[in-house]
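Trainee: I would like to learn how to read a protein model feature by feature. Could you take me through one slowly, giving the general idea before each case?

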Amino acid sequence: MSRRLAVFGDVALAGARPYAERGEAEPQWHDKLALGLFDATLGRAVGALWEARGGMHRIAAATHAHEDALHSLADEQLRARATAMRARLRQHGFAFELVAECFALIRTAAARTLGQSHYDTQLIAGFALLRGRLVEMATGEGKTFCATLPACTVALAGYPVHVITVNDYLAQRDAEKMRPLYEFLGLGVGTVIQGQEKDQRRSAYALSVTYCTNKELAFDYLRDLVALEGRTSRLHQALKRMAGESLKDGALVLRGLYFAIVDEADSVFVDEARTPLILSASVASGDDEQQCGAVLAFAASISMSARSSMRSG
């Protein structure tokens, strides 16, 4: 049976929001029309040309080309390369050659910590995930190991990474299995499972890479939105601070949504998506009740004034 991994994220939004998340702006009608025409005509031709020139397969050869210079380095020197890679990724983004160099670094580190190296098929799949593609891998092809390539690359750039699985057991197992690789590269790895306290969740999300289930992540995101009252922009938060209504320390759990790799994507996006996630909260207490009462009283006074005007008329 095949397994699927998917990725979502938008690293271009780094630092744009105090609570960063992927933008969901709806394209205008003319953009949709242009994209439709491109996909129907030039899109296929460009895709065919890309594949003819090697396409995704070029990443394997480019990665191997960078590895020769890494084999002779001591562990400390390899870690120093990983530290230096952080600034380069933040400055230049995920350019092809830089990604190939980063993959070579990760592959070399994996050989030293886990005793295994990424195969060419895993390098290709990892690059596809980094580019936002859906990847299908057969059982036994090492999708858990493959996911470390884009996860480490994005985490080295300083962005939060979430690896989403379908149950707590897989989240814990995969995190522990890949932990030596992450820690060798100076990356922290955490796990969020059912039953954890809020402080435990916040600590896990604060690490470079967090393994979690789709439901736990979704509910934590909904709870944060309740705490933010749906206002995540810098402007809204700045206005709240000016009014003396800034969030209390520890109100939020997540530090943002930048990049996620979804294991068992067909199950998460199709089967699991049929079950709605409902979060209830009390919203009418204390000051809210007084405000609602004042609004109702004001509405009643307007109604009475309107009736009086109609009688006098």
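**Aromatic pairs**

Mentor: A search of the whole structure finds three aromatic pairs, where the rings of Phe, Tyr and Trp (its six-membered ring) pair if their centres lie within 6.5 Å, and planes under 30 degrees apart count as stacked, over 60 as edge-to-face and the rest as tilted. The rings of Phe96 and Phe127 have centres 5.5 Å apart and planes at 85°, so this pair is edge-to-face. Before we go on, note that this is a predicted model, in which local features need pLDDT of at least 70 and side-chain atom pairs count only at pLDDT 80 or more, while totals for chains, interfaces and linings use all residues. Residues are numbered from 1 along each chain as its sequence is written, and side-chain values use heavy atoms, with hydrogens and water left out.

Trainee: Which parts of the chain does the pair of Phe96 and Phe127 tie together?

Mentor: Helices (H or I, at least four residues) and strands (E, at least two) are DSSP runs, numbered from the N terminus. Phe96 lies in helix H5 (residues 96-113) and Phe127 in helix H6 (residues 120-130), so the pair ties together parts that are 31 residues apart in sequence.

Trainee: Are Phe96 and Phe127 buried or exposed?

Mentor: Buried means under 20% relative accessible area, exposed over 50%, and partly exposed in between (1.4 Å probe, protein chains only). By that rule Phe96 is buried, and so is Phe127.

Trainee: What kind of pair do Tyr182 and Tyr211 form?

Mentor: Tyr182 and Tyr211 form an edge-to-face pair, with 6.3 Å from centre to centre and 65° between the planes. This pair links distant parts of the chain, since Tyr182 is in helix H9 (residues 168-184) and Tyr211 is in strand E5 (residues 209-213), 29 residues apart. Tyr182 counts as buried at 0% relative accessibility, and Tyr211 is buried with a relative accessible area of 1%.

**Charges over rings**

Trainee: Which ring does Arg58 lie over?

Mentor: A charge sits over a ring if NZ of Lys or CZ of Arg is within 6 Å of the ring centre and within 35 degrees of the ring normal. Arg58 lies over the face of Phe96, at 4.3 Å from the ring centre, and the charged end of Arg90 sits over the ring of Tyr159, 4.7 Å from its centre.

**Packed helices**

Trainee: How should I read two helices that pack together?

Mentor: Two packed helices are described by the angle between their axes and the distance between the axes. Axes are lines fitted to C-alpha atoms, for helices over the stretch in contact, and angles run from 0 to 180 degrees between N-to-C directions. Helix H4 (residues 75-92) and H5 pack at an angle of about 150°, with their axes 11 Å apart. That makes H4 roughly antiparallel to H5, on a scale where angles under 35 degrees count as roughly parallel, over 145 as roughly antiparallel, 65 to 115 as roughly perpendicular and the rest as oblique.

Trainee: What is the hand of the crossing where H4 passes H5?

Mentor: A crossing is left-handed if the near helix is turned anticlockwise from the far one by less than a right angle, and right-handed if clockwise. H4 passes H5 in a left-handed crossing, whereas H5 passes H9 in a right-handed crossing. The axes of H5 and H9 come within 9 Å and cross at roughly 125°, and these two helices are therefore oblique to each other.

Trainee: How many residues does helix H11 have, and what is its reach?

Mentor: The expected span of a helix is 1.5 Å times one less than its number of residues. Helix H11 (residues 214-228) has 15 residues and reaches 21 Å from its first C-alpha to its last, close to the 21 Å expected at 1.5 Å a residue. The buried residues of H11 include Leu217, Tyr221 and Leu228, and the helix is followed by Glu229, whose phi is positive, near 60°.

Trainee: Where is Glu264 placed?

Mentor: Glu264 is in the loop between strand E6 (259-263) and helix H13 (265-271). The phi of Glu264 is near 55°, a positive value in a residue other than glycine, and at 13% relative accessibility Glu264 counts as buried.
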